Amino acid sequence: MLQSYLKDTWVTPTDDAAADVHDAVTGDLVCRVSSAGLDLAGAFDHARRTGGPALRALTFHGRADLLDAVAAAVRARREELYALSARAGATLNDARYDVDGGIRVLRDYAARARAELPDAPHLVEGPAERLTRGEDFLGVHLVTPSPGLMLQVNAFNFPVWAPLEKLAQAVLAGMPSVVKAATPTSYLTEHLVRIVTEAGVLPPGALQLVVGSARPALGLLGEQDVLSFTGSAATAATLRTHPNVVARSVRFNAEADSVNAIVLAPDVLPGSPLFDAFVREVVTEMTVKAGQKCTAIRRVLVPGAQESAALDALSAALAGVTVGNPAAEGVTMGAVVSLAQRDDVRRAVRTIAESGRFVHGDPEKVRVVDADPERGAFLDALLLSADPDAAAPHEVEPFGPAATVLAYRDTGHAAELLARGRGSLAASVVGDDVAWTTAFVAQTAAWHGRLHLLDSVNMSLTTGHGSPLPALRHGGPGRAGGGSELGGIRGVVDLMQRTAVQGSRRTLDSLGA
């Protein structure tokens, strides 16, 4: 039975009727998960009374030291997390994306705090504003830590990166974290928390872990708390409207899955280096972590004249993907996280195929290396072509190795198709015609949290369509949740309380203004 970490102690749940979690590759039982009998109210109280005061007593630079210490602890034992990740179907490259990505976020935020924030427990924004004719009645904005906690509700696809990137911002904001691990990969997050707690690098109460259901916790949240969610748009809507979250105006941040897109501009010709870069970008997004990323490309918009060439090039590239046991030599894509997830993807692509066809891959059959295709949650890389004006490609997200090619008639049609996704975390535009790209961005930017503009100048330098970066905002409008994470120090300040303070010069000076 997997344990939770509450009030600085590892706790075993009392429920024998726990949920079973299986190995994505072999189907073997990995662990059992339950939150029955856990003292969540006591854990929340411990976070607020012990963890919060300890973090708030430190300056921003002191909190940055904690992040560096956590990063060092995780890095020292990251091989353990790599090995466990294989049980979730992840290749070594997938595991590094998750684990090393989380370490990089911690280090990035530590460095940013020292460079951009004062060596003080709070922040005064900007110069004082004169409010009257005289010189001694002024106003500033004071940013202080909230005396609450962050409840992290994380998705299964990034069991290391997600809790660490949220933790980085919360620690700098002086806020303790209670992490709710996603059940299918809870054993990975549990091991991560063990690594951190065994290192003894965080103050008591600064980090706690709930394994299993955390529904009762929603009723324990208060006005100074933050509910930070990553997962499906449907679950985000449920959390957002929870009676206690609404009644107490709990700050809610959602980073939800979305039907992200890539757009091939009309000037990019088949066979050109930029066209090849476009193909690589799509294939990467379909196959890294078996397509289980909230930012992964689901819609591939191409000019009608290039549809056939795009389908041929993508199919040829996908033919080189080897599916199987991540531990086997030559395997480039592992399994999705569970049989249930495999079935969800199958249902989604069948729905999209009703308005189109499969171009590469069969959702029911896949050739795998060193594994049983029935016991493991394996899928082929699935490329579809569909009627661009049909509803399903813009509304249904197959959260796995699948993408749909949609041919657009003209620039206006492409912009209209993008908007039909009702908001996304990220979109890519691939083209060398700067005037076209600039005009297209002006039409479409409002629907996306991040735009990745790929051209011949930067195609060898890009960090990729699907990679959130600490310096840039991660989140998106509409279906993508309307939230915001990262974005450099903005992500920290968003977790704190900004208060307008009016007073005399001497008083404001004493606050650091």
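Are H2 and H6 roughly parallel, roughly antiparallel, roughly perpendicular or oblique to each other?

## Basis of the model

This is a predicted model, in which local features need pLDDT of at least 70 and side-chain atom pairs count only at pLDDT 80 or more, while totals for chains, interfaces and linings use all residues. Residues are numbered from 1 along each chain as its sequence is written, and side-chain values use heavy atoms, with hydrogens and water left out.

## Helices H2 and H6

Helix H2 (residues 60-76) and helix H6 (residues 186-199) cross at roughly 120 degrees, and their axes come within 9 Å. Axes are lines fitted to C-alpha atoms, for helices over the stretch in contact, and angles run from 0 to 180 degrees between N-to-C directions. Helices are DSSP runs of H or I with at least four residues, and strands are runs of E with at least two, numbered from the N terminus.

H2 and H6 are therefore oblique to each other; angles under 35 degrees count as roughly parallel, over 145 as roughly antiparallel, 65 to 115 as roughly perpendicular and the rest as oblique. In H2, Val 70, Ala 73 and Val 74 meet Leu 192, Ile 195, Val 196 and Ala 199 of H6 (contact means heavy atoms within 4.5 Å).

## Salt bridges

A salt bridge is a side-chain nitrogen of Lys or Arg within 4 Å of a carboxyl oxygen of Asp or Glu; the count comes to 28. Within helix H6, Glu 190 and Arg 194 lie 4 residues apart, about one turn of the helix. Their closest N and O atoms are 2.6 Å apart in a salt bridge.

Another salt bridge joins the side chains of Arg 87 and Asp 23 (2.8 Å, N to O). Arg 87 lies in helix H3 (residues 78-87) and Asp 23 in the loop between strand E3 (19-22) and strand E4 (29-33), so the pair ties together parts that are 64 residues apart in sequence.
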